[in-house]
Structure formats: C-alpha cells, structure tokens
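Subject: The structure, and what turned up in it

Hi,

Here is the structure I said I'd pass along.

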Amino acid sequence: MIAVSWSARRWGPGIGGLLAGLPLTSGPISIYLWVEQGPKFAAAAASSSLLSLTPVAIFSLVYGRLAQRLPMPACALCGLGVFLASLYFLQSLGLPFWPTWIIGVLAISLGLICMPNKLPAKFRIHYPRWDLPARVFSATALILLITLSASILGSQWSGLLSPIPVLAWPLCAFIHHQQGSDAAQAVLRGILEGAYGVLIFYTIVAGGLGRFSPVFVYAVAIFASLIVSIPWLKSKLVLPAE
C-alpha cells in the first residue's frame, strides 16, 4: 500500500490503480494459504479466485458510474456490496474452470471498454498525516481477515475472497475523496488493466501447485503477471502529476 500510494502521488492515480490491480495482495495471500494449509488447498483456492475477477470488474464499473454523481462513502459501500453480491451469485452457479476463466476475461475486457479513459488534470495535494497510515491499516486489516479465517472459510471461499480489492478499494476511496471522480475512474481503469495479470497469476498457480515446486510456480506466476501488465505502463507514466 505504501508503494502503491507513493506511485499514485508521483505518477498519477492511473498507475496507482494498475499496481493495486496486480497480485500484490492476492499473491501473498495465496502464498500464506500454501504455507499454512498446503499446496492442494492453495491450488483449489487459486482456481476459485478466478471466479472473483468478474465481481472485481463489476465493482469497478459500478463504482466508476456512481462516482460521477454520488459521494465517496456511498460509492465505496455500493461497490463493495455489488462485489460480494455478484460473487455469491456466481459461486452458486458452480461453473467449471475454463468457463469461469473465459467469463473473467470477457468481464475485464468489457469493463475496460465501458470505463472512461480520462486523464485527471495536473494536481498538487496536501495529504494529511493520517492518510497513509489509514490506507495501510485498511488494507492490512482485510488481508488478516482473509488469511486468519482460512481454516474456517475453507479453500473455496478463501480463494473467492482473495482477489477482493484489498488495495484497490481503499486506494480508490481515498483518491476519490481527495481528487474527485475523474481520478477515481483512472484508478478503476488501472485496476481492470492489472486484473489481466491477476488472471495469469491464478491460472499458473492453480495448474502448477502439486505438479512443480511451489517456489518455482509462484516465481513464474509473479513474473508472468508483471509481463502481462507492462504494456499498460507506458501511457500512465507520462501522466503529469505533482
């Protein structure tokens, strides 16, 4: 969260959203599940996590549309509510792996098509002292909630909740409050772009754990997710931010 927030302040909210959309939290959560629950549990959780990418896209679209007319608290609550509701609905369908994968790709792509591609105006903001600690606390609390309750939730719901916008949700809420709806939409578009990397990460983890060394599987998954996200960086690094 510290690195993502600093990047958003230095290069703009779009790159902050892209970094928040990468498996910076869902990746460590998966590793924690592997260490604590074993490779079969982590592989099953990774497979379930693919289903959550569609709710992430829905969350981004709903928040982005509401941000144009509603204040931040309402957008944050509605966005998270839609995420959880759509997650529950999709989970109840019991879709196989590859249909889930295809739906995830389509949802992310449709979200990018529908999300406005706006560059916020150059900004200079005085951040209060509590801003960064509050962001770190909110993200850490969500991670601890998921990992510590894994033995109760089981592999399916642990995986389903892993891609919850742990970094993106607080980051978007804070930037929306401080910089307005255009900046929030830039974050959300970045989240959708980073979701392709998350998709690749969980695909490799779900298929590789139990067959290859976990260290090798996670190294390849992280590297592949970064490679997929590189093409999005060029347009965001030129965003004029102070």
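R189 sits in helix α11, which runs over residues 181-208. Bear in mind that this is a predicted model. R189 has a relative accessible area of 14%, and because the cut-off for buried is under 20%, R189 counts as buried. If you ignore its neighbours within four places in sequence, R189 is in contact with L112, M115, P116 and N117.

What does the side chain of R189 meet in a salt bridge? That would be E193, at 3.6 Å from N to O. The count for salt bridges comes to one. R189 and E193 both belong to helix α11 and are four residues apart, about one turn of the helix.

Next, helix α7. It covers residues 97-114, and its 18 residues should span 26 Å at 1.5 Å a residue; the end C-alpha atoms are 26 Å apart, so that agrees. The buried residues in α7 include T100, G104, A107, I108, G111 and L112. They take up an arc of only 130 degrees around the axis, which means they are on the same side of α7. On the face turned away from that buried side you'll find the exposed residues W98, L106 and I113. L112, by the way, also came up above as a contact of R189.

Now for the rings. Searching the whole structure gives seven aromatic pairs. One of them is W34 with Y218: the ring centres are 6.0 Å apart and the planes are at 45 degrees, so this pair is tilted. W34 is in helix α3 (residues 26-37) and Y218 is in helix α12 (residues 214-237), so the pair ties together parts 184 residues apart in sequence. W34 is partly exposed, at 23% relative accessibility, whereas Y218 is buried at 4%. Another pair is F201 and Y202, with centres 5.3 Å apart and planes at 80 degrees, so that one is edge-to-face. Both F201 and Y202 are buried. Ring pairs join W34, F201, Y202 and Y218 into a cluster.

On to the nonpolar core. The largest one has 42 residues, and Y63, L188, V205 and L209 are those with the most contacts inside it. The elements giving two or more residues to this core are α4 (39-49), α5 (53-66), α6 (72-93), α7, α10 (168-179), α11 and α12. Which element gives the most? It is α11, with 14 residues. In general, nonpolar side chains in soluble globular proteins tend to be buried together.

Y218 is the residue whose ring pairs with W34.

One last item, back in helix α12: I230 lies there, and I230 is partly exposed at 48% relative accessibility. From I230 to G197 is 33 residues in sequence and 9.6 Å in space, C-alpha to C-alpha.

Cheers

Key
Residues numbered from 1 in each chain as written. Predicted model: local features only at pLDDT ≥ 70, side-chain atom pairs only at ≥ 80, totals over all residues. Heavy atoms only, no water. Buried < 20%, exposed > 50% of the residue type's maximum accessible area, 1.4 Å probe, protein only. Contact = heavy atoms within 4.5 Å. Phe/Tyr/Trp six-rings, centres within 6.5 Å; stacked < 30°, edge-to-face > 60°. Expected span 1.5 Å × (residues − 1). Arc of directions from axis to C-beta. Salt bridge = Lys/Arg side-chain N within 4 Å of Asp/Glu carboxyl O. Core = buried A, V, L, I, M, F, W, Y, C linked by side-chain atoms within 4.5 Å.
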